[in-house]
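Please keep the sequence and the coordinates open alongside the text.

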Amino acid sequence: QQLHKSVVLVISDDENLTIGCMLNRPVARGVELEITDKSTMKSKKVKVPLRFGGEYAVKGGETMLWLHANPKLRSENIGAEVGPASTGIWKCSQEEATRAMASGIAKPEDFIIISGVSVWPKAGALAQGMQGEVTEGNFEPISKTRVEDVWGVLTKQEVLTKLNFVKELDVANEAWRAGGSNVDVGGEKDPSGTTTQGIGEGYDEEGDDSCV
């Protein structure tokens, strides 16, 4: 049930497979950083929540994926856009993120850190990557008009604990609902019918194991 009501960012898509990462699966640990303010030279420790992106790792790739959707960071060319679709979500290195926070142009909550990726192969008649999952109705693309809403909810997630488990589950589901074209969020209906956006949404209902 890992993919049930998951929000997935597609980061790579070729003739062999689709690679993506779940964005709304917080785990019980975070990434601790020591940030030195360049103006005051004072140091402070911060913890950025870690999300479980999937059970696979990209060979030769970074163990953790740092993502942001901050317009200021994009204007400063902190990182580069990730994925085959233009979503406004960028990938950067931990060093770039740390420098941005130290210089005051970013805050810890601007970043989402992902560990692991999910894979959808394209081998065989039935396996057609993420596009095949969309065709089967297991996932639904999120339009660009909703990406900001989804991202805003995701940044509310915290490191998972026994005390906040129910709350964090609610936030994960809120992010899932925020991207659904069949869900009325803030009174606005999704005008897009395309299947080419970079974020996909787990679309199965309760009891439906079709996307697992």
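## Confidence and conventions

Among the elements of the chain, strand 8 has the highest mean pLDDT, 97, while strand 11 (residues 199–202) has the lowest, 39; pLDDT is the predictor's confidence in each residue, from 0 to 100, and helices (H or I, at least four residues) and strands (E, at least two) are DSSP runs numbered from the N terminus. Over residues 183–212 the pLDDT is below 50, although this stretch has 83 contacts in the model beyond near neighbours in sequence, a contact being heavy atoms within 4.5 Å. Where pLDDT is low, the predicted coordinates should not be read in detail. For the chain, the mean pLDDT is 83, and 83% of the residues reach 70 or more.

The model is predicted, so local features need pLDDT of at least 70 and side-chain atom pairs count only at pLDDT 80 or more, whereas totals for chains, interfaces and linings use all residues. Residues are numbered from 1 along each chain as its sequence is written, and side-chain values use heavy atoms, with hydrogens and water left out.

Six strands form an open sheet of mixed pairing in the order 3-4-8-5-7-6, where two strands pair if DSSP finds at least two bridges between them. Strand 3 and strand 6 (80–81) stand at the edges with a single partner strand each, so one side of each is left without a neighbour in the sheet. Helix 2 (residues 94–103) packs on the sheet, touching strand 3, strand 5, strand 7 and strand 8, and its direction makes about 60° with that of strand 3; axes are lines fitted to C-alpha atoms, for helices over the stretch in contact, and angles run from 0 to 180 degrees between N-to-C directions.

Strand 3 (residues 26–36) and strand 4 (residues 43–52) run antiparallel and are joined by eight bridges, with Leu-33 opposite Val-46 in strand 4. These two strands form a hairpin with six residues between them, and Met-41 in the turn has a positive phi of about 65°. Strand 4 pairs with strand 8 in the parallel sense over three bridges, and Leu-50 stands opposite Ile-113 in strand 8.

## Nonpolar cores

The largest nonpolar core has 20 residues, and those with the most contacts inside it are Val-7, Leu-9, Leu-23, Leu-67, Ile-89 and Ile-114. Such a core is a set of buried Ala, Val, Leu, Ile, Met, Phe, Trp, Tyr and Cys residues joined through side-chain atoms within 4.5 Å; buried means under 20% relative accessible area, exposed over 50%, and partly exposed in between (1.4 Å probe, protein chains only). Helix 4 gives the most to this core, with five residues. A second, separate core of 17 residues includes Val-46, Leu-50, Trp-66 and Cys-92.

## Two buried loop residues

Asn-24 is found in the loop between strand 2 (17–22) and strand 3, and is buried, with a relative accessible area of 0%. The side chain of Asn-24 has a polar atom 3.1 Å from the backbone oxygen of Lys-5 and reaches the backbone oxygen of Ala-172 at 3.1 Å.

Arg-25, in the loop between strand 2 and strand 3, counts as buried at 18% relative accessibility. The side chain of Arg-25 reaches the backbone oxygen of His-4 at 2.3 Å, and the C-alpha atoms of Arg-25 and Ser-6, 19 residues apart along the chain, are separated by 7.6 Å.

How values were computed
Polar contact = N/O pair within 3.5 Å; in protein donor to acceptor, adjacent residues only side chain to side chain.
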